[in-house]
Structure formats: structure tokens, C-alpha cells
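Please read this briefing alongside the sequence and the model.

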Amino acid sequence: MDDDNAVQRVIQDLRRAAAAGVGTRLPSVRELTARHRASPATVARATRRLVAEGLVEAVPGRGVFVVAPAAIPPPSDLSWQAVALGARPGGEEAVQALLAVPAPGAIALSSGYLDTTLQPTAPLGAALARAARRPGAWDRGPAQGDAELRAWFARECGGLLDADDIIICPGGQAALSTAIRALTAPGEAVLVESPTYVGALAAARAAGRQVVPVPADADGVRPDLLAAALDRTGARLFYCQPLYANPHGAVLAPQRRAAVMSAVRSAGAFLLEDDYARDLSIDADPPPPLAADDADGHVVHLRSLTKPAAPGLRVAALGARGPAGMRLRSARVLDDFFVAGPLQHAALDLVTSPAWHRHRRTVRTALRTRRDALLSALRRHTPDLQPTAVPRGGLHLWVRLPPTVDEADLVTAAAAEQVVVFPGHPWFAAEPPAAFLRLTYAAAPPALLDEGARRLARALAGLGHGTGRAPGG
């Protein structure tokens, strides 16, 4: 971030110098490094940007000269696009907000990814370097994905799926979008847990599907309401996160697993199992995927490496048997042909190495420490903001707000205090029953989590809502 700021400072300096006109020689690298206390590499980056714009030209041995006026071009009239595009699909605003990079100095309690310090950067970088040097690494690979990587994902599913049932995808969101479009038709209903992942809601709406919520509680989705929704809508697809559901962290209770599968089988429907958090357990080993016991091919299994590893590792897998698997493979080919070979090979190298097991143990310990730190910080600074349940895994706390606190007002007030929190209403496909926040504990160390809760308390106080702390607390 500091380097980016330095680049911008140098660019602004060069633009001011370029205003003198065509032929002007710009300050030297030595002058700019001294003036801005920047490295020569930073100055070179700034210069390359202006060269790419056609504003300046670098002449070897002589320096950098202005070759075009530095005037700002008049704004283009793009208003015609509003007519051509028509109404925009709903839902993507929430996804864009979720992926927004916090401002410098802000504490992010909103990210859906591991903190940089928890990512396996060194082994992943080494794996990618080895993969890039492999013979044929940059050639076209199988559209379905690397056979060894598919076999690894199949083993992780629990035994009923094999390598031929797996399709490698460029990240979980791409896999999710593919599955919704391949398994349903425009205008059809897609059932989702309520609340559920905003990316699933956005993907279904963007594909022209009707999103129908099915209430969930601390034990996961309610099977009786799922059966009723399947019967009423005739839906062919139910999107479900049985393990550490995002945002509320619930695990589908053992006594509900059979009932959920029975409802799906009776309706002749598919269950899209988003198993994003299998490597993010905290308190106990997770139960097996629903796909492990699915003898009749109703479960389409989605597993991603992005959440437990790093945002840039855009590798995921869809697993399905029979015609559904064929339909998914066809859809993936139409979307983007195949996933880059070096990225697949690097992912396989990582997950089959001892470093992967060490990384998972490290993440488990760190998530427990951070979850407990955020829980303690909330009890200390904002006792009126307590999670609906303590999650046994995953990355988030789901906090219900007091009736007197407006969700949007609190998010805005928190941003003013430089703590980023995410509102609850985008996670609901219909009207939310109350106001909530999703607070992430994975993207900051314990000390920052405590300061984030302190800033959140100030935001609450600024809205006229007491924190509930004892005097002097």
C-alpha cells in the first residue's frame, strides 16, 4: 500500500512537470528518488505508466521527454449505454461491497478470506514456481482438469465420487454460477437457506432464476420447510452449506441430514453442497460431506481451495455423477475452456505436500485464538452485540442487533470510526427477521480485533446506543 502511494506521488509530480509542454525533459530518477524518498523501482513503475498512456517517451541515455500534451480529454458521452443495457440484475452490489479493499488504517471485520499472515504464501509460491517450469505446463490441458487433482478432490468427497466425476473450476464462485445455470433453466426457482451466502443469491439472480428462501436455525436448514418449499415451487435445485454455513456458522445437525436428503430425493431434485469450509474447522473434526452418503446422485459437491489457502488460488471442483456431471462439464467448457495448467499443478503440489497438513493445523489454532479474541472483545466493549451462536468453524460471527439500532446507520457509523463491518440484510433472499452484522475474525490478529470492537462500541455510542458496560469498564 505504501509503495502504491509513492507511485502515485511520483506520477503526480511528473504530470505537473509535463504540463510545461511537448519536448520537456522530466526530472531524473535521481531527483525523483531524493524528492519522494522512493526507490528507483518505484520511479520506474510511475514512468512506465505514463509511457503506456503515451504522454512521455523514455530515450535511452538521454532521459524521459514529454511527447503529448498533458491536457485532460473531454468526458465521453456514455449515456446511450443505459438504453442499450436496460435494467441491471440485482445482487451484485453486495458482492462488490464484500470484495472492496478497506481504506488504509481501517480494521476489516468484513473479509471472507484468511489474513495474509495465515496464508501458505511460501509453499504456494514454491509450488507455483515448480509448476510453471514443468514441461508442457503452459499447453492446453484436459477441459475437465488435471487427472491427479481431480482424483484428490474425489478422495476428499468421501468415496462415492471418482476422478471422472470431478470438474476443476477457476474458483468457488465460478463453480457455483456454472452449477446454477447448468442444472436449472431461466425463470425456475432455486431454493436457498435463509440466510445464505450473498454470492449464491447474486449468481442465481444474475442467471434469471427465482430465489426462494428456506429458513435455517442453529441446526441448519429446517427439513420440514424444505420439503414444503420443494413441493410448492417444483424447484429442481437446493443450494446448501451444511458445514459452518456462511454467514451464521451453523452445521447441519446429524438428525437432519437424512431428512434433508429424503426431501430432496422425494422431489427428484439436486442439492448443491457448498463445502467451502471443510478445512476451517476449529473445535472438532467436521462430519463427512453429504455427497459421501449420496448413492443416487442427488448431491452436486462444490469444494474450493480459496478460503483455506489464499484468495489468489482460484481453484475449485464440482463433483457430480451421471448426466448431471456431463451437463456440468459441457457448461464449464463453454464458460472458459479450462483452468490454467500451472495453477492446477501448483494446487496439487500444495495439497499433497506435508506443508498442507502443517498449514491446516496452524490455521485451526489461529482461528480458534482469533474467534475467542473477538468473542471476548465483544463481551468487553459491546455486550449488546453478541453472536447468535458460537461457531465451531468457519470465519465469521453472526450478530443480531438490538431493535433500537438501525443496521445501515451502524455500518456507516462504524466506517467513520475506521472499522469495516458487513450488514445482515444482503444475506437474506426475502425480508430479514431482524437486523444483523456479519463480523469476520479471520482477517485480523487478536489485538486488532479488540481495537475493532472498541471502535464499533464508539460507533454505537455515536448513534445514542449505550454499550452496556459497567462504569469504568
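How many cavities of 30 Å³ or more does a search of the whole structure find? The search finds one, where a cavity is a set of points on a 1 Å grid over the protein atoms alone at which a 1.4 Å probe fits but cannot get out. This is a predicted model, in which local features need pLDDT of at least 70 and side-chain atom pairs count only at pLDDT 80 or more, while totals for chains, interfaces and linings use all residues. Residues are numbered from 1 along each chain as its sequence is written, and side-chain values use heavy atoms, with hydrogens and water left out.

**Cavity**
- The largest cavity has a volume of about 50 Å³, a volume being the space filled by probe spheres set on the points, which are joined across faces, edges and corners.
- Its lining residues (an atom within 4 Å of a point) include Arg257, Glu273 and Arg278.

**Three-stranded sheet**
- An open sheet has the order E12-E15-E14 with antiparallel pairing, where strands are DSSP runs (E, at least two residues) numbered from the N terminus and two of them pair if DSSP finds at least two bridges between them.
- Strand E12 (396-400) and strand E14 (422-423) stand at the edges with a single partner strand each, so one side of each lacks a neighbour in the sheet.
- E14 pairs with strand E15 (residues 436-440) over two bridges, and proline 423 stands opposite leucine 437 in E15.

**Eight-stranded sheet**
- The order E4-E11-E10-E9-E8-E5-E6-E7 describes an open sheet with mixed pairing.
- Strand E5 (residues 189-194) and strand E8 (residues 237-240) are parallel and pair over two bridges, with tyrosine 239 in E8 as the bridge partner of valine 192.

Key. 1 Å grid on protein atoms, 1.4 Å probe; cavity = no way out; pocket = protein on both sides within 12 Å on 5 of 7 lines; lining within 4 Å. Helix = DSSP H or I, 4+ residues; strand = E, 2+ residues; numbered from the N terminus.
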